[in-house]
Amino acid sequence: MNTNKTYRLVLLGAPGAGKGTQAERLTEKYSVPQISTGVILRAAIEAGTDLGKKVKELIENGKLVPDEDVVAIVGQRIAEKDCENGFILDGFPRTIPQAEALDRLLDENGTALDAVLSIEVKDEDIVTRMSGRRVCKKCGASYHVVYKRPKNGNLCDNCGTELVSREDDKVEVVMGRLEAYHKQTAPLKDYYAAKGLLVTVQGREELADTSAAVDEALKNL
Ligand code: AMP
């Protein structure tokens, strides 16, 4: 790999906009790891760690977990060797203080973000999409019963584990998560636009169309 080229990317978008799916794809394309705070937090809940116990109720109710917890997770993760040439951050940052903390973390290492990609999907489409979402409890991969079907029944393509619906994908919780997105996360678009980092794509119904739009938007990286 060309070690001068870096891919330090943030994916923004409402819950269910397709961040995770695009992150999984981009991680292969650029050979850098995906860092999904949602996947890490759900794994902590599953494992019953102190962090998991602390955040379980917040997550199941569609509330954001405290900035300090997610900043600590990301700070540790991006310091690992495999993040040297970049990472795809999916679901972090979600608030302005998190974005500022990320800037500081990168600055301390003499690095910076290369781009921030926002995937735009209308709220009414989000609610429909979320009802068909399925995730793997073991490895965190995400699927959709219509748009991104697993190859083999209801089993994860990566590890064969049975897929489940997320507690926080219930309609009433999704509405709260959308509200949190609009209030706390959407302002990050202006934050990154002011730094000249923001690129925006429309999330489309067909995964292939969204992927093509993402590749086009990131082609000058
Ligand atoms: P996600 O899988 O990205 O939709 O995240 C699922 C849930 O985890 C969110 O609804 C939040 O409760 C929590 N979460 C994930 N990432 C963050 C973050 N960066 N800041 C605060 N809470 C988060």
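Q: What percentage of the contacts in the protein chain with a separation of 6 or more comes from residues 24 or more positions apart?
A: This is a predicted model, where local features need pLDDT of at least 70, side-chain atom pairs count only at pLDDT 80 or more, and totals for chains, interfaces and linings use all residues. Residues are numbered from 1 along each chain as its sequence is written, and side-chain values use heavy atoms, with hydrogens and water left out. Contact means heavy atoms within 4.5 Å. For residues 24 or more positions apart, the share of these contacts is 70%.

Q: What radius of gyration does the protein chain have, and why does it agree with a compact globule?
A: The radius is taken over C-alpha atoms, and the globule rule is 2.2 Å times the number of residues to the power 0.38. With 221 residues, the rule gives a value near 17 Å, so the chain agrees with a compact globule at 16 Å.

Q: How many helices and strands are there in the protein chain?
A: Both are DSSP runs, numbered from the N terminus: helices are H or I with at least four residues, strands are E with at least two. The count is 9 helices and 8 strands.

Q: Is T95 buried or exposed?
A: T95 sits in the loop between β3 (86-90) and α5 (96-108). Buried means under 20% relative accessible area, exposed over 50%, and partly exposed in between (1.4 Å probe, protein chains only). T95 has a relative accessible area of 6%, so T95 is buried.

Q: Which residue does the side chain of T95 join in a polar contact of 3.0 Å?
A: A polar contact is a pair of N or O atoms within 3.5 Å; within protein, one must be able to donate a hydrogen and the other to accept it, and residues adjacent in sequence count only if both atoms are side-chain atoms. Beyond its neighbours within four places in sequence, T95 touches L64, D67, Q184 and L188. The polar partner is D67.

Q: Which residues is T21 in contact with, leaving aside its neighbours within four places in sequence?
A: T21 belongs to helix α1 (residues 19-30). Its relative accessible area is 18%, so T21 is buried. Its contacts are S142, K148 and L207.

Q: Which two residues does a cis peptide bond join?
A: Most peptide bonds are trans. Here omega is about 0°. P93 lies in the loop between β3 and α5. The cis bond joins F92 and P93.

Q: What is the phi of S31?
A: S31 lies in the loop between α1 and β2 (34-36). Most residues other than glycine have a negative phi. S31 is not a glycine, yet its phi is positive, about 55°.
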